[in-house]
Amino acid sequence: SLTRDLPTDFAWGVATAAYQIEGAAALDGRGACIWDDYCKIPGTINNGDNGDVADDFYHKYQEDVQMMKRMGIKHFRLSFSWSRLLPNGTTDKGINGLGVQFYNNLINELLAAGITPWVTLFHWDTPSALHNKTDTGSWLSKDMVDHFDNYADFCFAVFGDRVKHWITLNEPWTYTWVGYGVGGFAPGRCSSQRCKDIGGGGNTATEPYIVTHNLILAHGKAVQTYRQRYQQAQGGVIGMANNIDFMLPFNTSNEDDVDAVNRQHAFQLGWYVDPIVFGRYPEEMASIVTDGRLPTFTSEESAMVKGSYDFIGFNQYTSTYIMNTDKPGGDWSSDPHTATSVYNATGHKIGPTAESPWLNVYPQGIRGAINWVNDRYNEPIIYIFENGVSVPGETKMSLEEALHDNFRIDFYRGYISAVIDSVVIDDVDVRGYFAWSLMDNFEWADGYSTRFGLTYVDYKNDQKRYIKDSFVWYSQFTSSTSNPSRK
Ligand code: GCO
């Protein structure tokens, strides 16, 4: 029973991030960011890859915008490189005019092509100049709240006449947990106790909690600035892009497993979204992390962050079975205290695994995630800001083989129809969906061999682009009708 139609203005788009596509890392006045630094540490990135050239989007953006236009893409999610605009992190230490010019040109090119830009301010590329200052630097310091506000304020002032869709932070959970908990992404911090925890034992991992707190405050303050100084005149919207790995109970009739599912969702997405909706951390966390590591918001902070969103956005890729366990430090967990454990790898697979080993293909997971968010947060406006897949074996395929990516088409067909069901059947207010990614790019610690693109990038031949079959499918699907579910 269909209860409503997909809105005719549903935003179908494609997503990217600055460090993953731009390149031109040392050109035209760009300052370094922590990913430039992290890539230099031997052994951090597959094949020793880095973002120095990436897709060379910095030089090829016009061609890419024209490609999107030809493919009927109407919404493009990109991120600004903070250190390309402010090489030393803050406006008082200098604005890079060439960086401003680059984003002005890009935005103007997009608008002229009829494509709406959705801009992420922070997709993990903290300026090194801020990060490396031990007194005030890194997201471990509250000073970053003001630094980020300064940068955001600058962006609203300079680009806000044309950019009407702002995303403050991308996947702060990943930045926090992988960057400061397990040490797999920049800045590569690993609380020593947490490292021990992976092998079992107690847990005193404090840094992720501090970093998260500062990220949430930074978001809240930037939104406050936007609302007080720009929103009314510019008429845009602002929010965050979180992420949620959808959990299913290993044993549906076991109450403890069902509770573990909710707890895990709260520890991942809820860690960031509860504060901006309710002004506090999730009850599930507060009742478990009782050793003082979980900060509390002062009443002033709480008032600032509460309600600091016009939509709830999240990225969704994978799903996993979990079960409750009383052993801390399960295989998968945002905190050992969640006492959850993964079973998908031990003969209880949830679906085919992508080239990326963490990604289990399970289309109903995105619908489950949408409904979890809808129920917990009072039926907000929802955007899916990323969803996509790497094709098994693709790292070793020839160009010709890689272009015929039926696995990716099946992935998108399944996930997108689940998203549409969440609107037309479950009656959730999802307003847009962005495929990750426009093109193959620097897949963080996996380097360039893992490919998430709708477009193939030939890194050996001047980053030449080739449209994959999945892009043709996505293009036809999204432009064929305003309500594809009825086809
Ligand atoms: C993000 C993601 C992307 C990845 C994608 C595939 O946080 O936005 O990490 O940058 O490339 O999720 O792993």
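Modeller: Let us begin with a definition: two strands count as paired if DSSP finds at least two bridges between them. Please keep in mind that the model is predicted.

Biologist: How many bridges join strand S5 to strand S7?

Modeller: There are four bridges between S5, residues 237-243, and S7, residues 312-315. The two strands run parallel.

Biologist: And which residue is the bridge partner of Asn 243 in S7?

Modeller: Asn 243 has Asn 315 as its partner there. In general, the strands of a sheet pair through backbone hydrogen bonds, in a parallel or an antiparallel manner.

Biologist: What do the eight strands form?

Modeller: They form a closed barrel with parallel pairing, in the order S1-S2-S3-S4-S5-S7-S10-S11. On average, neighbouring strands of this sheet are turned by 25 degrees against each other, if direction is ignored.

Biologist: Let us turn to the ligand. Which residues are around the ligand?

Modeller: Asn 315, the bridge partner of Asn 243, is one of the residues around the ligand.

Biologist: How many of the shell residues are nonpolar, polar and charged?

Modeller: Three are nonpolar, four are polar and three are charged.

Biologist: Now the backbone. Is the peptide bond from Trp 436 to Ser 437 cis or trans?

Modeller: That bond is cis, and its omega is near 15 degrees. As a general rule, most peptide bonds are trans, and most residues other than glycine have a negative phi.

Biologist: What is the phi of Ala 24?

Modeller: Ala 24 has a positive phi, near 45 degrees, although the residue is not glycine. Ala 24 sits in the loop between helix H1 (18-21) and helix H2 (34-39). Gln 463 likewise has a positive phi, near 55 degrees, and is located in the loop between S12 and strand S13 (464-467).

Biologist: Why does Ala 24 count as buried?

Modeller: Ala 24 counts as buried because 20 C-beta neighbours lie inside 10 Å, and the cut-off for buried is 20 or more. Gln 463 has 19 other C-beta atoms within 10 Å, so Gln 463 is partly exposed.

Definitions and conventions
Residues are numbered from 1 along each chain as its sequence is written. This is a predicted model: local features need pLDDT of at least 70, side-chain atom pairs count only at pLDDT 80 or more; totals for chains, interfaces and linings use all residues. A residue is buried if 20 or more other C-beta atoms lie within 10 Å of its own, exposed if 12 or fewer, and partly exposed in between; C-beta atoms are placed from the backbone. Axes are lines fitted to C-alpha atoms, for helices over the stretch in contact, and angles run from 0 to 180 degrees between N-to-C directions. A residue is near a molecule or strand if its C-beta atom, placed from the backbone, lies within 6 Å of it. Ala, Val, Leu, Ile, Met, Phe, Trp, Tyr, Cys and Pro count as nonpolar, Asp, Glu, Lys and Arg as charged, and the others, Gly among them, as polar.
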